[in-house]
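Open the model in your viewer and keep the selection tool ready. Each stop below tells you what to select and what is there.

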Amino acid sequence: MKYCIIIPDGMADYPIEKLGGRTPLETARTPYLDLLSENGRIGTVQTIPRGFPPGSDVANLTIVGYNPSDYYTGRAPLEAASIGIQLEEEDCAFRCNFITANEDTLVDFCAGHIKTEEADILIKLLNERFGNDAIQFYTGKSYRHIMVYKGTQKINTTCFPPHDIMGKSIKAHLPKGKGSEILIDIMERSRELLDNHDINKVRIDLQENPANMIWLWGHGYRPRMPSFQERFNLKGAVITAVDLIKGISLYLGWDIINVPGATGYYDTDYSNKGKYAIEALENHDMVLVHIESPDEAGHAGNIKEKVTAIEQIDSKIIGPIIDAGNSFQELRILVLPDHYTPIEKRTHTPEPVPFVICGTGIQKGDGKPLTEANAAASKLHIRKGHELIEHLISGSF
C-alpha cells in the first residue's frame, strides 16, 4: 500500500462576500479534488487540540500522528533541525523573523519576503554585533531564521507570532514573562542596527518593505519522539519548501525530497512538486506534499491568489498523482489543510478542518464535493486529530 498526504496549507476559509458568500475552496475550479470526493469520503478533523495555538507546527504534528500533548515543545526547535542545528538539552531555540516596523506598528511579518541572500548578510551582522557564548543566530530562508539561547538564566515567556499582529502595536506585543528583558533588548537593538543598513536603503528605493527589525517567538527545547518507522513500520518522505515541515520530517526519520523551484510562496513550482511526489512514491510507503501558498494568501488577505493557489494544487499536484495511481497496485490519497487561514482574519484559527480520503479499500461516501460546509455536515468527524493517520493506514473510518 502507498499513501500520499497532500496539505494545501491554510486552504480552509470562511464565506467571503466578494465571492458571493462562497469560500475560496468553493470558488476554485477543482475537478480532481471533486473526483476524490466523488469516489471517497469527506469529513472533518481537529488538527489543533484544545489549549494549543493554531499553528502549522501543532497541526502538522497532529496530521502525521504525533499528539502535540506528548511531543510538542515549540516551533523553533523543529525549524532548527531542518537547517542542521544540533540543539543541546538546555538550549532554547527561537524563531527569528525579519519584520518591517514603522514607529510602533508591525507593518509586515515577512519583510516583503526578503531574499535569503540579503537575509544572510543581516544574520551575519547580528552575530557579529550580538553573538556570544549565550546567543547565536542561524540563517534559514527568506524571512525565517533561528536564534539559539544558551544562557544560564531560564526563559519562560509569552511571545506573539508576528503574523498575528500585523498593523498592531509593537510595544504592546513584546515578549512577556521570565527572561523577557533579554529578548526585548535584542529585538530593540536589532532595529537600531538594521534601520539604516544599505540592504534596507536599497529595498526602500525599490519600494520593497525593509527588514529593519527581528521578531523572536515560537521558542522551545529539543523534542523527543520515536521515528515514524518505529511507530508505524512505514518509510516516509516529504516535499516542502518550509523549514518547519522539514524539521518535523527529520524528527520522524523521513527523507526530504528537494524539489527545484519549490519556494513556499505563490511562485512555487507546483508541477515539479507533483512530479517529484510520484517519483518518491516508487520507493517510499508514504509521501507528504506540503504547499504553503494558500496560507501566504490568507495572511496577505489576497482572495485571488488563494483561489489561484487552490486551482494550481488541484491541476498540477492532485491531478497528476491521481493519474499516476494506476502505477501503484494500492494507493490511498488524503487531502486536507492543516488549519484555517481565513482571508477575513489573516491569521490561523483552530476549528476542525475539512478532509477527503480516497483510494484502495476506502468506502465511498455521499459524493459531495469537498467544501468546508459539506465536510462539517458529513457524518465523519475525527476529534482526536492524531488518530487520523491510523485511520488512513488501516482504511477504517
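**Stop 1: the largest cavity**

The largest cavity has a volume of about 150 Å³. This is a predicted model: local features need pLDDT of at least 70, side-chain atom pairs count only at pLDDT 80 or more, and totals for chains, interfaces and linings use all residues. Residues are numbered from 1 along each chain as its sequence is written, and side-chain values use heavy atoms, with hydrogens and water left out.

A cavity is a set of points, on a 1 Å grid over the protein atoms alone, where a 1.4 Å probe fits but cannot get out; lining residues have an atom within 4 Å of a point. Grid points are joined across faces, edges and corners, and a volume is the space filled by probe spheres set on the points.

Select Arg75, Tyr143, Glu292, Asp295 and His299. Of the 17 lining residues, these lie nearest the centre of the largest cavity. Next, colour helix H12 (293-300), which gives the largest share of this lining, 3 residues. Helices (H or I, at least four residues) and strands (E, at least two) are DSSP runs, numbered from the N terminus. Strand E3 (92-102) also supplies at least two residues. By class, the lining has 5 nonpolar, 5 polar and 7 charged residues. Here Ala, Val, Leu, Ile, Met, Phe, Trp, Tyr, Cys and Pro count as nonpolar, Asp, Glu, Lys and Arg as charged, and the others, Gly among them, as polar.

**Stop 2: His163**

Select His163, in the loop between E7 and strand E8 (176-178). Is His163 buried or exposed? It is buried, because its relative accessible area is 12% (buried means under 20%, exposed over 50%, partly exposed in between, with a 1.4 Å probe and protein chains only). Leaving aside neighbours within four places in sequence, His163 is in contact (heavy atoms within 4.5 Å) with Phe109, Trp217, His299, Arg346, Thr347 and His348.

**Stop 3: the largest pocket**

Move to Trp217. With Pro53, Tyr72, Pro161 and Gly218, Trp217 lies nearest the centre of the largest pocket, which is lined by 24 residues. A pocket is an open set of points with protein on both sides within 12 Å along at least five of seven lines. About 410 Å³ of space lies in this one. Strand E9 (213-220) gives the most to the lining, with 4 residues.

**Stop 4**

Select strand E10 (residues 236-239). Gly236 and Val238 on one side and Ala237 and Ile239 on the other are all buried. In a regular strand the side chains alternate between the two faces of the sheet.

Ile239 has Val289 as its bridge partner in E12. Strand E11 (residues 255-256) runs parallel to E10, joined by 2 bridges.

**Stop 4: the second largest cavity**

H10 supplies the largest share of the lining, 3 residues. The lining divides into 6 nonpolar, 2 polar and no charged residues.

**Last stop: Gln363**

Select Gln363, in the loop between strand E14 (353-359) and helix H14 (372-377). Gln363 is exposed, because its relative accessible area is 61%. The C-alpha atoms of Gln363 and Gly40 are separated by 6.4 Å, though the two are 323 residues apart along the chain.

Technical notes: Two strands pair if DSSP finds at least two bridges between them.
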